[in-house]
Amino acid sequence: MINKLTQTRIMAMIALHDHSPLSAKRRTLCSRENAQRVAARMMDDGLDCVSILRTSNPLQPLRVVAESVDGPEVELEMRLA
């Protein structure tokens, strides 16, 4: 299970001084499919609810959090039935 400190480190923003286009690996990591994979793994690790949120950061357009979130930034929410 991912604790809050680890989650905070994972979610930390990366400041880049170079405005070059995203690499293929970065595009893969920033994809919705990857966010869904991360959320599914968190659920497999025992969490009851995981939300995928949209951000305004092009280096982290989606963020996966281990809680239910109410708002327009919610892209997807996964819950145990």
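This is a predicted model: local features need pLDDT of at least 70, side-chain atom pairs count only at pLDDT 80 or more; totals for chains, interfaces and linings use all residues.

Trainee: Is strand 1 enclosed or open, and why?

Mentor: Strand 1 (residues 49-54) is largely enclosed by the rest of the structure, because 5 of its 6 residues are buried. Buried means under 20% relative accessible area, exposed over 50%, partly exposed in between (1.4 Å probe, protein chains only). Strands (E, at least two residues) and helices (H or I, at least four) are DSSP runs, numbered from the N terminus.

Trainee: Which strand does strand 1 join through 5 bridges?

Mentor: That is strand 3 (residues 74-79), running antiparallel to strand 1; two strands pair if DSSP finds at least two bridges between them. Leu 53 has Val 74 as its bridge partner there.

Trainee: And how many bridges pair strand 1 with strand 2?

Mentor: There are 4, also antiparallel, with strand 2 covering residues 62-65. Ile 52 is bridged to Val 64 in strand 2.

Trainee: New topic: where does Gln 36 sit?

Mentor: Gln 36 belongs to helix 3 and is partly exposed, with a relative accessible area of 30%.

Trainee: What is Gln 36 in contact with, beyond its neighbours within four places in sequence?

Mentor: Ile 52 and Leu 76, where contact means heavy atoms within 4.5 Å.

Key. Residues are numbered from 1 along each chain as its sequence is written. Side-chain values use heavy atoms; hydrogens and water are left out.
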